[in-house]
Amino acid sequence: MSAMIKYVLFFMFILSYHISACSCLSEPSVKDSFIYSHYIFVGKIVAKRTILYRWTDYFPKYDTTKRGNSVFKKEYEYDFLVQRFFKGSYNNDVDSIIKVTTGLGGGDCGFPFRFGNDYIVYANFENSIKSPNTYILKTTICTRTCSYDEEEIEELEKEIEALH
């Protein structure tokens with residue numbers, strides 16, 4: 001293999017390392033989503049924050065003197081006022097606030113929530129990068145998370161009935 005081809009392949013590899021893209025195989029069924037989601041609830045967005053992750057959040061021993069500590073990744077954290085739980089609440093605290101994170105969208109699989117709207121959220125626990133040994137709830141466009149939809153509610157209710 002010529003040196004030029006090796007260099008081209010090397011740079012293609014390096015450049016592709018920093019590119020992130022979202023690819024969902026297919027939308028999961030309600031049954032599978034009910035089984036594999038940690039939390040399923042209906043809620044209204046009441047607050048939104050941007051979370052910034054810096055290199056030192058991922059790599060605590062990162063040498064900031066040479067390269068700085070710039071922002072590596074961003075996510076949104078939403079507060080949902082829960083109207084109804086389908087799964088995940090131990091005491092069915094309606095009117096409680098649940099925090100859910102998602103990417104910004106456009107390649108990181110982030111869900112495009114809109115402030116003030118009602119949603120059916122399918123979320124899973126994930127390790128927190130900023131606070132080791134703690135968990136956050138996260139959702140993406142690859143889940144069944146959607147704007148409030150009566151048909152989706154009916155399918156969820158059927159899944160709950162099938163379990164009893």
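User: Which residue in E5 does Asn124 stand opposite?

Analyst: Asn124 stands opposite Lys138 in E5. Strands are DSSP runs of E, at least two residues, and helices are runs of H or I, at least four, numbered from the N terminus. Strands pair if DSSP finds at least two bridges between them. Here E4 (residues 118–127) and E5 pair in the antiparallel sense over four bridges. This is a predicted model, where local features need pLDDT of at least 70, side-chain atom pairs count only at pLDDT 80 or more, and totals for chains, interfaces and linings use all residues. Residues are numbered from 1 along each chain as its sequence is written, and side-chain values use heavy atoms, with hydrogens and water left out.

User: How many bridges join E3 to E5?

Analyst: Two bridges join E3 (residues 97–102) to E5 (residues 135–138), and these strands run parallel. Val100 stands opposite Leu137 in E5.

User: How should I read a salt bridge?

Analyst: Side chains of opposite charge can pair when their charged atoms come close. The criterion is a side-chain nitrogen of Lys or Arg within 4 Å of a carboxyl oxygen of Asp or Glu. The structure holds nine salt bridges. One of them joins Glu157 and Arg84, with the closest N and O atoms 2.9 Å apart. Glu157 lies in helix H5 and Arg84 in strand E2, so this pair ties together parts that are 73 residues apart in sequence.

User: Are Arg144 and Glu152 buried or exposed?

Analyst: Both are buried (under 20% relative accessible area; exposed is over 50%, partly exposed in between, with a 1.4 Å probe and protein chains only). Arg144 and Glu152 form a salt bridge, their closest N and O atoms being 2.7 Å apart.
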